[in-house]
Amino acid sequence: MNKILVNKKEFKYTENNFPIFIHGRDHEGASFYTISLIADLFFRDFEIVVLCGYPMAFEQFKNQVKDINDRVVFYTKEHIADFKNKLLSLDNTNNQIILLKNVELFDKDIINFVLERKNYIISGDFNKCVLGEKILEKPFVTKIFFSDFFDIEMPLLNKYEGFFVSDVTKGLTKLVL
């Protein structure tokens, strides 16, 4: 399994890190990081519901996890109604994580629907998102930037590195494969 590092130390996301904002252009590492993050949460017994743009996300998740069970459900953009129905059937507890991946492919209604949940991750290229910069008006506990985003000041990043910002920590994050 891929390890997540923040400031060169292994980092485990907990309920205290949610909600999470992950921004990155194509081929900058945000997608792979996001899938690795939910794989780690899956191994730690979280229930995960994913709405993503493409089926490759599920394939990447299967490559990392191997044994899939009913604690994770993936929906693609063609199955938004099923995704919404699944979320409406859940209790919205600390043990449930909602991931909206490829945010730039979804309209503001589905984005706002996810933003009403308790523990969520929203990931994608927010420079192409219908809500764009406005989404940061929501109180995200953790923000990760794999590429430039409007006027956010960031350090120089190597490919597949992200700028990690939370209430208590700021620095670089990356995966160790």
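Two strands are said to pair if DSSP finds at least two bridges between them. In this predicted model, strands β3 and β8 meet that condition, pairing in the parallel sense over 4 bridges.

- Strand β3 comprises residues 20–23, and all of them are buried.
- In a regular strand the side chains alternate between the two faces of the sheet.
- In β3, Ile-20 and Ile-22 point one way, while Phe-21 and His-23 point the other way.
- Strand β7 (residues 120–124) runs parallel to β3 and is joined to it by 4 bridges; within β7, Ile-121 stands opposite Ile-20.
- Strand β8 covers residues 142–145, and Lys-143 in β8 is the bridge partner of Phe-21.

**Helix α1**

- Helix α1 has 14 residues, which at 1.5 Å a residue should span 20 Å; the C-alpha atoms at its ends are 20 Å apart, in agreement with that expectation.
- Because 11 of its 14 residues are buried, α1 is largely enclosed by the rest of the structure.
- Among the buried residues of α1 are Tyr-33, Ile-35, Leu-37, Ile-38, Leu-41 and Phe-42, together with Asp-40.
- Just after α1, Asp-45 adopts a positive phi of about 70°.

**Largest pocket**

- The volume of the largest pocket is about 530 Å³.
- Its lining consists of 23 residues, of which Asp-26, Ser-31, Phe-32, Lys-101 and Asn-102 are the closest to the centre.
- Elements α1, α2 and β7 each give two or more residues to this lining, and α1 provides the largest share, with 4 residues.
- By class, the lining of the largest pocket divides into 8 nonpolar, 8 polar and 7 charged residues.

**Largest cavity**

- The structure contains 1 cavity of 30 Å³ or more, and the volume of the largest cavity is about 30 Å³.
- Met-1, Asn-2, Lys-3, Ile-4, Glu-10, Phe-11, Lys-12 and Asp-40 line the largest cavity.
- This lining divides into 3 nonpolar, 1 polar and 4 charged residues.

**Salt bridges**

- Side chains of opposite charge can pair when their charged atoms come close.
- A search of the whole structure finds 7 salt bridges.
- Glu-10 forms a salt bridge with Lys-12, their closest N and O atoms being 3.6 Å apart. Glu-10 is partly exposed at a relative accessible area of 45%, and Lys-12 is partly exposed at 35%.
- A network of salt bridges links Glu-10, Lys-12, Asp-40 and Arg-44.
- In the salt bridge between Asp-148 and Arg-25, the closest N and O atoms are 2.2 Å apart. Asp-148 lies in the loop between β8 and β9 (162–166) and Arg-25 in the loop between β3 and α1, so this pair ties together parts that are 123 residues apart in sequence.
- Asp-148 counts as partly exposed at 44% relative accessibility, as does Arg-25 with a relative accessible area of 34%.
- Glu-59 forms a salt bridge with Lys-62, with the closest N and O atoms 3.5 Å apart. Both residues lie in helix α2, 3 residues apart, which is about one turn of the helix. Glu-59 is partly exposed at 40% relative accessibility, and Lys-62 is partly exposed at 30%.

- Pro-55 is found in the loop between β4 (47–52) and α2 (56–65), and at 48% relative accessibility Pro-55 counts as partly exposed.
- The C-alpha atoms of Pro-55 and Phe-74 are separated by 8.5 Å, although these residues are 19 residues apart along the chain.

Key: Residues are numbered from 1 along each chain as its sequence is written. This is a predicted model: local features need pLDDT of at least 70, side-chain atom pairs count only at pLDDT 80 or more; totals for chains, interfaces and linings use all residues. Side-chain values use heavy atoms; hydrogens and water are left out. Buried means under 20% relative accessible area, exposed over 50%, partly exposed in between (1.4 Å probe, protein chains only). On a 1 Å grid over the protein atoms alone, a cavity is a set of points where a 1.4 Å probe fits but cannot get out, and a pocket is an open set with protein on both sides within 12 Å along at least five of seven lines; lining residues have an atom within 4 Å of a point. Grid points are joined across faces, edges and corners, and a volume is the space filled by probe spheres set on the points. Ala, Val, Leu, Ile, Met, Phe, Trp, Tyr, Cys and Pro count as nonpolar, Asp, Glu, Lys and Arg as charged, and the others, Gly among them, as polar. The expected span of a helix is 1.5 Å times one less than its number of residues. A salt bridge is a side-chain nitrogen of Lys or Arg within 4 Å of a carboxyl oxygen of Asp or Glu.
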